[in-house]
Amino acid sequence: DLWGGTQKKNVTLNVHWSPRIQTPPNNRVAVVTTNVAFHCVVSSHPRATITWLKNDSELPTGGTRIFTSQGGQKLHIDDVRPQDAGIYRCVAGNYVGGANEWATLRVVV
């Protein structure tokens, strides 16, 4: 106040940061008809939206054979087929920025 007293105020500081991929996906080799998964552990605030690409095209992940879990951080491919071979990219983004990492899937017939 004007006379040298003390005032207290509570302040909330919200720190936002762009996504960082803490654990990138690893290259995989899978035998036809087995299951495989890629992990992409992301840290960000606010929470990043995670999408997966296969050979640079968006991968539909809402099915029963190819799907995500853990908020998109884990990509599952069940009943692997030869056409599943390729480059898989994890793309994480929020309004602050983005990050991406990739890994390959090789399919053994």
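Two strands are taken to pair if DSSP finds at least two bridges between them, and strands themselves (E, at least two residues), like helices (H or I, at least four residues), are DSSP runs numbered from the N terminus. The structure is a predicted model, in which local features need pLDDT of at least 70 and side-chain atom pairs count only at pLDDT 80 or more, whereas totals for chains, interfaces and linings use all residues. Residues are numbered from 1 along each chain as its sequence is written, and side-chain values use heavy atoms, with hydrogens and water left out.

On these terms, T68 stands opposite L75 in β8, and β7 is joined to strand β8 (residues 74-77) by 4 bridges, the two strands running antiparallel. Both strands belong to an open sheet of 3 strands, ordered β3-β8-β7 and paired in the antiparallel sense. The edge positions of this sheet are taken by β3 (36-39) and β7 (66-69), each of which pairs on one side only. From one strand to the next the twist averages 20 degrees, where axes are lines fitted to C-alpha atoms (for helices, over the stretch in contact) and angles between N-to-C directions run from 0 to 180 degrees.

Strand β10 (residues 97-108) takes part in pairings of both senses, being parallel to β2 over 4 bridges and antiparallel to strand β9 (residues 86-94) over 9 bridges. A hairpin of 2 residues connects β9 to β10.

Strand β2 (residues 28-31) also contains V31, which together with V29 and V108 makes a nonpolar surface patch of about 230 Å². Such patches consist of residues with over 30% relative accessible area and no salt bridge, nonpolar side chains (Val, Leu, Ile, Met, Phe, Trp, Tyr) being joined within 5 Å and like charges within 9 Å; a salt bridge places a side-chain nitrogen of Lys or Arg within 4 Å of a carboxyl oxygen of Asp or Glu. Accessible areas come from the Shrake-Rupley method with a 1.4 Å probe, and for residues only the protein chains shown count as cover. V31 counts as partly exposed because its relative accessibility is 47%, the class between buried (under 20%) and exposed (over 50%).

A48, by contrast, is buried, with a relative accessible area of 11%, and is found in the loop between β4 (41-45) and β5 (49-54). Leaving aside neighbours within four places in sequence, A48 is in contact (heavy atoms within 4.5 Å) with P19, V42, A92, G93 and N94. The C-alpha atoms of A48 and G98 are separated by 8.2 Å, although these residues lie 50 residues apart along the chain.

Definitions and conventions
Buried < 20%, exposed > 50% of the residue type's maximum accessible area, 1.4 Å probe, protein only.
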